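User: Hi! Could you walk me through this one? I'd like to start with the terms you use.

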Amino acid sequence: MLVKYKKAFEKIAMGLISLMPNCKDSKQLMDTVQHYEQTPDWQLYLWKKDDEFVGAIGVAVENEMATIQHISIIPSYHGEGITAEMLDELRALGCYNSLQYNDETAPFLRVHLSHKD
């Protein structure tokens with residue numbers, strides 16, 4: 001289930017975002033999470049399975065179009081369909097007319113988004 005980010009989840013969010021290939025530097029991670037906190041058009045969600053946060057997805061919104069800036073899933077949960085579930089729940093929120101990826105998230109999302117949007 002998608003859970004909207006809040007400050008209490010800061011360390012969890014940083015840990016999840018650090019799973020992305022180009023997000024290893026702790027200063028960069030802190031800046032990224034703060035950007036989600038301070039920028040109204042950037043929204044971060046965490047994916048909760050049972051009682052554990054296992055994924056994160058962050059979007060930048062412009063004219064009801066969401067560009068996925070960050071997406072990550074704990075490696076032990078890969079292959080369980082969580083990416084598709086996160087995207088389905090984002091669509092179900094009804095806040096975005098379409099979802100797209102950026103250069104960094106394209107390798108993870110190209111297959112998922114080419115069939116639905």
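Analyst: Happy to! Buried means under 20% relative accessible area, exposed over 50%, and partly exposed in between (1.4 Å probe, protein chains only). This is a predicted model, where local features need pLDDT of at least 70 and side-chain atom pairs count only at pLDDT 80 or more, while totals for chains, interfaces and linings use all residues. Residues are numbered from 1 along each chain as its sequence is written, and side-chain values use heavy atoms, with hydrogens and water left out.

User: Great. How many salt bridges does the structure hold?

Analyst: There are 5. A salt bridge here is a side-chain nitrogen of Lys or Arg within 4 Å of a carboxyl oxygen of Asp or Glu.

User: Which residue does Lys 7 form a salt bridge with?

Analyst: Its partner is Glu 37, with the closest N and O atoms 3.6 Å apart. That pair links distant parts of the chain: Lys 7 sits in the loop between strand 1 (2–4) and helix 1 (10–17), and Glu 37 is in helix 2 (residues 26–38), 30 residues apart. Helices (H or I, at least four residues) and strands (E, at least two) are DSSP runs, numbered from the N terminus.

User: Why does Glu 37 count as partly exposed?

Analyst: Because its relative accessibility is 31%.

User: OK, and what about Lys 49 and Glu 80?

Analyst: Their side chains meet in a salt bridge at 2.5 Å, N to O. Lys 49 lies in strand 2 (residues 42–49) and Glu 80 in the loop between strand 4 (65–73) and helix 3, so the pair ties together parts that are 31 residues apart in sequence. Lys 49 is partly exposed at 29% relative accessibility, and Glu 80 is partly exposed too, at 38%.

User: Which residues do salt bridges with shared partners join into one network?

Analyst: Lys 7, Glu 10 and Glu 37.

User: Now helix 2. How far apart are Asp 31 and Lys 27 there?

Analyst: They are 4 residues apart, so about one helical turn separates them. They form a salt bridge, the closest N and O atoms being 3.0 Å apart. Asp 31 is partly exposed at 35%, whereas Lys 27 is exposed at 53%.

User: Switching topic: which residues of helix 3 are buried?

Analyst: In helix 3 (residues 82–92), they are Ile 82, Thr 83, Met 86, Leu 87 and Leu 90. They lie on the same side of helix 3 because they cover an arc of only 135° around the axis, taken from the directions from the helix axis to the C-beta atoms.

User: And what comes just after helix 3?

Analyst: Gly 94, which takes a positive phi of about 75°.
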